[in-house]
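Reader: Hi! Could you walk me through this one? I'm new to reading structures.
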Amino acid sequence: MKPLLQSETFVRIAAPLAVGITLFVLWEVGFRLASVPVYLFPKPSDIFASFVHNGPSLFRALLVTLRVTLQAFAAAVIIGTLIAFMFVQSRAIEVSLFPYAVLLQVTPVVAIAPLIIILVKNTQLSLTICATLVALFPIISNTTLGLRSVDPGLANYFRMNRASRLKTLIKLRIPGALPYFFGGLRISSGLALIGAVVAEFVAGTGGRSSGLAYEILDAGFTLDIPRMFAALFLITLTGVCLFAAMGVLSRLALANWHESEIRTET
Amino acid sequence: MNALVPGEPLDESGQRMLAGGERPPAVEVLSAEKVFSNGTRGLAPIDLSIAEGEFLTLIGPSGCGKSTLLKLIANLIEPSDGRLLWWRGDFSQVGQEGRRFAFVFQEATLMPWARVDANVRLPLELANLAKAKAAPLVAEAIERVGLSAFVRHFPRQLSGGMKMRVSIARALVTKPNLLLMDEPFGALDEFTRNRLDADLIRLWWDGRLTTVFVTHSIYEAVFLSTRIIVMAANPGRIFRTMTIDEPQPRDEGFRDSPKFAAYCRELSTWLAEASLPSASGGLP
């Protein structure tokens, strides 16, 4: 019993799980006793029943949202990294273009989504563009910061050895930027999902290619509150999974050397 | 003896000159001075000849220009006036066989993401040497600093002294003829520093390296050097020169000898004099 409780991994999983289960039980029992009607606020059991009942359509919607999210995330990583590389090439480029990168960050996606949806015919593509715009900035700013944060001693050493720009980039700047880059990935993965959902809300696409946002809208129209909760739950779960996946990636890449991923033995 | 041509290896008899004179010079500083852009005179014109095989130590109060002089020798900065010669040639020939130098910084400056062998391989990689060709050189350099058991370790798994050893191996892997060290053991505890000093003497002796070493430690300077240059500040200049003519390679026995204590005492007096305002021509 004792060694299990002292194991950090066990506590890290068990403690939040215990909180979650307690909340669910309180929610179920409390709402049952107060007999809150299902169309106002459903109980966990209602949501679960809705999951079973609407399983296939919810799952299809999840895949649609997930596809938009992952496409947007991939596009943001590629474009953001390229822009960051461009920024570190010269201070002049960064100074003249960075304010426009900030525009990306401060413009709400809901405000530009209608424009993009009108301009781009293909709905899937327009949704992906919206989500990409949302996810782009953290990658740009973090990767730029990382590529700039070179250990001055090492930079000096590379200069003394007459290392070419390319060698310095590959051997020094890129490895040094990885911790920042992975920090950007964690933020950006969540933003890609938010962007995908928000854009779909604005687009309001129905039919076979509709995602979880449309499920929520549709459930709202038909007052099917448990289905709304089920879709919401799936979105949350997707976000958590994405975040966890980024954590695993980061650990794989940095575990051996970077302070953020080193587990100290005590 | 004087017929030795520049770049010729030292003779095999094991007889090595201890301080200047009959060995061909590895580096010559010819009236080189340094005035910084803010007008400070970092170094007054300096004349200094560093013979091949010498272990030359630069010591002095802060601001005396010892690091500046070392950077001039490494061609990291240019003299404001005067010039330097490396193996009786200009810097463009440095890097050729027999005219290589390596620099060891105050910090180990290792790549935290790379294992020990990859860190040591770095200068060869930057010189575009193939991995297969570099491997035996890397293994040998790591062996020479006694870290063969830690080849696959990451820097953070090593102690400060071991990191410094990796840094020295990274310098040795290019087979330098001249080793420039800027307070390399300054951040280490005394015990580790003494051990590294003893190992450095062996590396210097076995590798027939010319070494220019900057330190703040009187004991370290006396233990390691064949010649010590005491510098004074305002402007930075050579104050006095001490030759330590003791048998090589030295070991811990030298550290306990009365002679060692006498050298240290004298050097300490000189350093105190070099730090006086009258010696510095201004405030200390």
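Reader: Which residue with a positive phi follows H2(A)?
Author: That is A:Ser35, with a phi near 40 degrees. Bear in mind that this is a predicted model, where local features need pLDDT of at least 70, side-chain atom pairs count only at pLDDT 80 or more, and totals for chains, interfaces and linings use all residues. Residues are numbered from 1 along each chain as its sequence is written, while chains are lettered from A and ligands numbered from 1 in the order in which they are written.

Reader: Got it! How many residues does helix H2 of chain A have?
Author: It has 26, residues 8–33. From first C-alpha to last, H2 of chain A reaches 37 Å, close to the expected 38 Å (1.5 Å times one less than the number of residues).

Reader: How many helices and strands are in chain A?
Author: There are 10 helices and zero strands, counted as DSSP runs (H or I, at least four residues, for helices; E, at least two, for strands).

Reader: New topic: how many residues does each chain bring to the contact?
Author: Chain B gives 12 residues and chain A gives 11, with contact meaning C-beta atoms, placed from the backbone, within 7 Å. On the chain B side there are nine nonpolar residues (Ala, Val, Leu, Ile, Met, Phe, Trp, Tyr, Cys or Pro), two charged (Asp, Glu, Lys or Arg) and one polar (the others, Gly among them).

Note on methods. Two residues are in contact if their C-beta atoms, placed from the backbone, lie within 7 Å.
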